[in-house]
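Reader: Can you take me through this model, starting with the charged pairs? I would like the cut-offs as we go.

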Amino acid sequence: MEPLYETTIPCICCETPFTTSKVRPSFKKATHVDSDFCGHYSNGINPDFYVVRVCPSCGYAFTENGFESLTQEQKERYFEKIGTHWNGKGLDFSGERTAEQAMVSYKLALMAGQATGVKDRVIAGILHHIAWLYRYEDNQEQERRFLKYALEAYISVYETEGVSLNNTKLMYLIGELNRRIGENNEAIKWYSRIVNDKRITDAAMIRASREQWQLIREEMEEERLGKRKDQSSSHTMNSA
């Protein structure tokens, strides 16, 4: 069985039907998952490459979690900012996608989403996925850049939606992305909120928060011991 199959859907912007590829559920199992939920796959097909659908007629790019339909005003905003300048010649997002095509699809979705006003949560997810794509390429500088963007967007979502019990995963992600960009003190604040709030009952997120909090402690202890060792070596050399 082929990992990809094609489906025809209408563009929610220009209404033109187009073909897009999807990954069969049996091929979506990751070999391992990073602490911020980035999946890694060994079967040659990365499902993250096929999340975004790109209309070849008008260039509107969208995910399943975005809008189900657009208002006339949203369509006009898209065409004013992007659609009238769209030239998809040479771009084909059907069939198997390369890492480069996947990256283009997400950045198109980011621009389209910002132009039409999709929810902050969707924008945050797109930014986070772009960071993952850079992680697959081991481009640490760009990964960190987009993790920062995603973090800002997740914080905006948290502040907009308010504190609710179903936001535990969101709180964990804010903590974890802070940890990944080196903001350990901020990360600990978010982990501790989850661990210490008795109203939170999400066992998986409580456990993950404890594990990442402990990881920070261990890393900080290793750094402290390393500095002490360096200072001791320096003192020995000076004494000599």
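Author: What follows covers salt bridges, a helix, a hairpin and a cavity. This is a predicted model, in which local features need pLDDT of at least 70 and side-chain atom pairs count only at pLDDT 80 or more, while totals for chains, interfaces and linings use all residues. Residues are numbered from 1 along each chain as its sequence is written, and side-chain values use heavy atoms, with hydrogens and water left out.

Reader: How many salt bridges does the count come to?

Author: The count is 14 salt bridges, taking a salt bridge as a side-chain nitrogen of Lys or Arg within 4 Å of a carboxyl oxygen of Asp or Glu.

Reader: Which parts of the chain does the pair Arg-180 and Asp-36 link?

Author: Their side chains meet in a salt bridge at 3.9 Å, N to O. The pair links distant parts of the chain: Arg-180 is in helix α5 (residues 168-180), and Asp-36 is in the loop between β3 (32-33) and β4 (39-40), 144 residues apart. Helices (H or I, at least four residues) and strands (E, at least two) are DSSP runs, numbered from the N terminus.

Reader: Is Asp-36 buried or exposed?

Author: Asp-36 is buried, at a relative accessible area of 0%, whereas Arg-180 is partly exposed at 27%. Buried means under 20% relative accessible area, exposed over 50%, and partly exposed in between, using a 1.4 Å probe and protein chains only.

Reader: Which residues are in a network of salt bridges with these two?

Author: The network links Asp-34, Asp-36, Arg-135, Glu-143, Glu-176, Arg-179 and Arg-180. Within it, Arg-135 and Glu-143 form a salt bridge at 2.7 Å, N to O. Arg-135 counts as buried at 12% relative accessibility, and Glu-143 is buried too, at 11%.

Reader: And Glu-186 with Lys-189, how many residues apart are they?

Author: They are 3 residues apart in helix α6 (residues 184-196), so about one helical turn separates them.

Reader: New topic. What are the span and burial of α3?

Author: Helix α3 (residues 120-136) has 17 residues and should span 24 Å; its end C-alpha atoms are 25 Å apart, which agrees. The expected span is 1.5 Å times one less than the number of residues. Of those 17 residues, 14 are buried, so α3 is largely enclosed by the rest of the structure. Just after α3, Asp-138 takes a positive phi of about 60 degrees.

Reader: Now the hairpin. In which sense do β1 and β2 pair?

Author: Strand β1 (residues 4-10) and β2 pair in the antiparallel sense over 7 bridges; pairing requires at least two DSSP bridges between the strands. The hairpin has 6 residues between its strands, and Glu-15 in the turn has a positive phi of about 70 degrees.

Reader: Which residue stands opposite Thr-20?

Author: Thr-7 does. Thr-20 lies in β2 (residues 17-23) and is buried, at 4% relative accessible area. Leaving aside neighbours within four places in sequence, Thr-20 has contacts (heavy atoms within 4.5 Å) that include Tyr-5, Arg-53 and Arg-97.

Reader: Last one: which elements give two or more residues to the lining of the largest cavity?

Author: The largest cavity holds about 50 Å³ of space. On a 1 Å grid over the protein atoms alone, a cavity is a set of points where a 1.4 Å probe fits but cannot get out, and lining residues have an atom within 4 Å of a point. The lining includes Tyr-60, Phe-62, Ala-109 and Val-122. The elements giving two or more residues to the lining are β6 (61-62), α2 (99-116) and α3.

Conventions:
On a 1 Å grid over the protein atoms alone, a cavity is a set of points where a 1.4 Å probe fits but cannot get out, and a pocket is an open set with protein on both sides within 12 Å along at least five of seven lines; lining residues have an atom within 4 Å of a point. Grid points are joined across faces, edges and corners, and a volume is the space filled by probe spheres set on the points.
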